[in-house]
Amino acid sequence: MAALSAWFWNERFWLPHNVTWADLADPAPGVEYPKAGHLLSALPLALGIFAVRIFFERYIAGPCASILQIQMELSRRAQPNAVLEKVFTSITKSPDSKHLEGLSKQLDWDVRKVQRWFRHRRNQDKPSTRTKFCESMWRFTFYLCIFIYGIRFLWQSLWMWDTRQCWYNYPYQVLTSGLYYYYITELAFYWSLMFSQFTDIKRKDFLIMFVHHLATVSLISFSYVNNMLRVGSLVMCIHDSSDFLLEAAKLANYARYQRLCDFLFVVFSMIFFGTRLIIFPFWILNTTLFESWEIILFNFLLLVLQVLHMLWSYLIARIAFKAIMRGKVSKDDRSDIESSSEEETETTPKERLKTASSRGENGSNGHFGSKTWSQNHNNW
């Protein structure tokens, strides 16, 4: 363990040439440098943030959802069946036609009845629109607050306007209280996201998001320990600039404000592409690769983050393309939640007309009659 610790904390990975940990351990009186021990304060803060989230979703986001008439849906539960439950949990949750026919003969059920059972069973685990609304409202609130704090702090800093200031007198740069609170709060939030990801809504990009959270925690921790707080603060602010817009678009989608959702998604896409594919590589990566000392590990983690940016840009472009073809943003491609299209196909035209009439035009805030919307508005 001692050898592993010595290898991990080797100055070659963390610090510029001819700089040791001892140089940063004993600063002048009144001067404070970042230390690895400071990062431990993020763990209890992460628990505090998670507790605040529970309180926020229950007593703030929940009442807001009620005001917007977003209620908990009562999904129809599948009738108990040991054979189908075993297939569902062990083999497949969406059996093909061959499996359906085999199960139909084994149980002496109609094929459509078997198909309906699997749909109801899948929907038992489906989170309600109200649950998704509360989760997005919490993220929107945090992202917006931390972005406002970050942009106000960085607006007064020299390194926001001249990235060469990130490396002036590096690594002997004084730790200010503003940078400390900014870093520890961001780190605590992403720790809370890593843990809560296993209880939040499951999506197709679960693994990508986990890698992202892990890379983010590693980047924040790494840049803090070796006093790269200036460039690190720029990276965090760039990422926060578009995250709250995505959550705002989701909120509008859950509340069925389609035009507002479309507008926010367009704004989000423009800022995302601009910050992740232009500003980040040509501003941040440029300064870390060409203006700084050669610190391999930090640049490697930033390049991993850029690869994830390109993956998400592809997913967003898919949504944007579908939105153009359909005339509206209707679905998050990351979602693993089943759409209700199967149920629509089993409903007769007369029943669909009756359901539409009972909802009225205001049921989708002036965008009545869209089959695509009715099938997918809960899937984002």
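Is Leu311 buried, exposed or partly exposed? Leu311 is partly exposed, because its relative accessible area is 40%. Here, buried means under 20% relative accessible area, exposed means over 50%, and partly exposed is in between, with a 1.4 Å probe and protein chains only.

Before we go on, some ground rules. This is a predicted model: local features need pLDDT of at least 70, side-chain atom pairs count only at pLDDT 80 or more, and totals for chains, interfaces and linings use all residues. Residues are numbered from 1 along each chain as its sequence is written, and side-chain values use heavy atoms, with hydrogens and water left out.

Back to Leu311. Leu311 sits in helix α13, residues 296-326. Now look across to Ile208. Leu311 and Ile208 are 103 residues apart in sequence. In space, C-alpha to C-alpha, they are 9.0 Å apart.

Now the whole chain. The chain has 16 helices and zero strands. Both are DSSP runs, numbered from the N terminus: helices are H or I with at least four residues, strands are E with at least two. The chain has 380 residues, and 48% of them count as buried. Take the contacts with a separation of 6 or more: 81% of them join residues 24 or more positions apart. Contact means heavy atoms within 4.5 Å.

Next, helix packing. Two packed helices are described by the angle between their axes and the distance between the axes. The axes are lines fitted to C-alpha atoms, for helices over the stretch in contact, and the angles run from 0 to 180 degrees between N-to-C directions.

Start with helix α9, residues 177-196, and helix α11, residues 229-254. They pack at about 55°, with axes 11 Å apart. α9 and α11 are therefore oblique to each other. The cut-offs: under 35 degrees is roughly parallel, over 145 roughly antiparallel, 65 to 115 roughly perpendicular, and the rest oblique. The crossing of α9 past α11 is left-handed. Left-handed means the near helix is turned anticlockwise from the far one by less than a right angle; right-handed means clockwise. On the α9 side, the contact includes Tyr182 and Glu186. On the α11 side, Met236 and Asp240 are among the residues. The residues of this contact split into seven nonpolar, two polar and three charged. For that count, Ala, Val, Leu, Ile, Met, Phe, Trp, Tyr, Cys and Pro are nonpolar, Asp, Glu, Lys and Arg are charged, and the others, Gly among them, are polar.

α9 has another partner. Which way does α9 run relative to α10? First, the geometry: the axes of α9 and helix α10, residues 206-225, come within 9 Å and cross at roughly 155°. That makes α9 roughly antiparallel to α10. This crossing of α9 and α10 is left-handed. From α9, the contact includes Leu187 and Trp191. From α10, Val217 and Ile220 are among the residues. The contact of α9 with α10 has 12 nonpolar residues, five polar and one charged.

One more pair. Helix α5, residues 82-90, packs with helix α6, residues 97-107, at about 160°. Their axes are 11 Å apart. That makes α5 roughly antiparallel to α6. The crossing of α5 and α6 is right-handed. Val83, Leu84 and Val87 of α5 meet Leu103, Gln106 and Leu107 of α6. Five of the residues in this contact are nonpolar, one is polar and none is charged.

Now the loops. Asp108 lies in the loop between α6 and α7, residues 111-124. Asp108 counts as exposed, because its relative accessibility is 72%. Arg256 also has a positive phi, about 65°, and is not a glycine. Arg256 lies in the loop between α11 and α12, residues 258-291. Arg256 is partly exposed, at 24% relative accessible area. Then there is Pro171, in the loop between α8, residues 129-155, and α9. The peptide bond from Tyr170 to Pro171 is cis, with omega near 5°.

Last stop: Thr275, in helix α12. Thr275 counts as buried, at 8% relative accessibility. Leaving out residues up to four places away in sequence, Thr275 touches Ile238, Ser241, Ser242, Phe280 and Pro281.
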